[in-house]
Amino acid sequence: MAAEIQQQDVAGEIVIAGAGLAGLAVALGLHRKGVRCVVLESSPVRRTSGFAFFTWTNAFRALDALGVGDKMRGRHLQLEGVRVVSSSTGKVAQEMDLQVKGKLGPHEVRCVHRNVLLQALEEELPAGTIRYSSKIVSIDQDEHGSAKILHLADGTTIRAKVLIGCDGINSVVAKWLGLAKPSDSGRLATRGLAHYPDGGHGFEPKILQLVGEGFRAGVVPTSDTDVYWFFTWSPSPDGKDGAVDRSPAAMKQFVLTTMRGAKVSPQVLEAVERSEMSDVLAAPLRYRPPLSLLFASISKGNVCVAGDALHPTTPDLAQGACTALEDGVVLARCLGDAMAADGAGEEKERIELALRRYGGIRRWRSAQVIAASYVVGFFQESDHPVVSFVRDKLLSGVLARTLLMMPDHDCGKL
């Protein structure tokens, strides 16, 4: 006999799919606004993949709005600058100060441990907000059109008054909305975290970028004892570059061999050698075509998306996580204000208007970040002689300054 399907009615609540950065940011923003929600996370425990990410000025403005910015400042080094080095020559192509003032105030950037931030966001939420091992597999409309019926992998069905998809690049919610399928950039990425338990890693509090020779890499200290690094490349069609064997040992050896074939310092090589590899050993870099977002249905009725479900992007401007946090603040503000506006029309209409307002605010910003990241990645990674010459001699300053253009943004308060 088939197992009896469990039903759980949470039609009076907002349901968020995904307990990543975007999902928890939305949840915490709504909690600060006095609005209840439930977060459904497919994983059995908190996700820890990715190690760390750059948290730029715009992200700290979002974190401050959520009330957790100072927690991150207290545990991570403030980075003072960017040094771009050509992997072809070993020479410094560009130096840039990160402690300058932008149009909206002083810049601030740290490399934040992903798990530390997720834990900080979760700790601010009421107990029981996140329900792990809860994967949405399909979405239906109820007979009255006022709620969504969510079918979970374990057979549970949930009725939701509002559905917010923060379920990543393979989002079920984005598919339901009809958003364009993410495109393959033709590039792969791997990353690692090197531990120096006694300190003394010797890296300055700067972002060290290596560009050219067919790869793009970066090394940055997160604290006195930890150094995060990333490496992106375009695999050869014949697989001779080591992209086929993605075991931890083989992937680390591939990165080291590639770097040793270029002009990379021994200090960087040592960081890779002593590192712990990510559980996602070689992830394809995908992005949603930016033009498609200008005309897409970011929201439809009482459903919308945020984070990677909305704007998957290549990591070349380090803005994926930052813009996800922006999404969380903007969406919580729009939806929270609508839920609090008692007597201002039917709640269903207020919710739909709030989600449309959110989509209008985030549409151009999302497309802009995706497009700029793709272009920067193309120029920084290419080993084509003409592109390399233009990059190293003419565009190095422009590409470096682009890093500060996207963070010079304020998503506002809750």
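**View 1. A nonpolar surface patch is formed by Tyr374, Val375 and Phe378.** The patch covers about 280 Å². Patches are built from residues with over 30% relative accessible area and no salt bridge, where like charges are joined within 9 Å and nonpolar side chains (Val, Leu, Ile, Met, Phe, Trp, Tyr) within 5 Å. Accessible areas come from the Shrake-Rupley method with a 1.4 Å probe, and for residues only the protein chains shown count as cover. The model is predicted: local features need pLDDT of at least 70 and side-chain atom pairs pLDDT 80 or more, while totals for chains, interfaces and linings use all residues. Residues are numbered from 1 along each chain as its sequence is written, and side-chain values use heavy atoms, with hydrogens and water left out. Tyr374 belongs to helix α10 (residues 347-381); helices (H or I, at least four residues) and strands (E, at least two) are DSSP runs, numbered from the N terminus.

**View 2. Tyr374 also pairs with the ring of Tyr287.** Rings of Phe, Tyr and Trp (its six-membered ring) pair if their centres lie within 6.5 Å; planes under 30 degrees apart count as stacked, over 60 as edge-to-face and the rest as tilted. The centres of Tyr287 and Tyr374 are 5.0 Å apart and the planes meet at 50 degrees, so this pair is tilted. It links distant parts of the chain, with Tyr287 in strand β18 (residues 283-287) and Tyr374 in helix α10, 87 residues apart. Tyr287 counts as buried at 16% relative accessibility, whereas Tyr374 is partly exposed at 36%. Buried means under 20% relative accessible area, exposed over 50%, and partly exposed in between (1.4 Å probe, protein chains only).

**View 3. Phe215, Phe231, Trp233 and Phe254 are linked into a cluster by ring pairs.** The count of aromatic pairs comes to seven. One of them, Phe231 with Trp233, is tilted, at 5.6 Å centre to centre and 45 degrees between the planes. Phe231 and Trp233 are both buried.

**View 4. Helix α1 (residues 21-32) is mostly covered.** Ten of the twelve residues of α1 are buried, among them Leu21, Val26 and Leu30. The expected span of a helix is 1.5 Å times one less than its number of residues. For α1 this gives 16 Å, and the end C-alpha atoms are 16 Å apart, which agrees. Gly34, which follows α1, has a positive phi, near 80 degrees.

**View 5. Lys33 and Asp337 form a salt bridge.** A salt bridge is a side-chain nitrogen of Lys or Arg within 4 Å of a carboxyl oxygen of Asp or Glu. The closest N and O atoms of Lys33 and Asp337 are 2.6 Å apart. Lys33 is in the loop between α1 and β2 (37-40) and Asp337 in helix α9 (residues 320-340), so the pair links distant parts of the chain, 304 residues apart. Lys33 is partly exposed at 26% relative accessibility, and Asp337 is partly exposed at 42%. The structure holds 23 salt bridges.

**View 6. Val329 is a buried residue of helix α9.** Its relative accessible area is 0%. Val329 and Leu414 are 85 residues apart in sequence and 6.1 Å apart in space, C-alpha to C-alpha. With contact meaning heavy atoms within 4.5 Å, Val329 touches Ala62, Ala65, Leu66, Cys411, Gly412, Lys413 and Leu414, not counting residues up to four places away in sequence.
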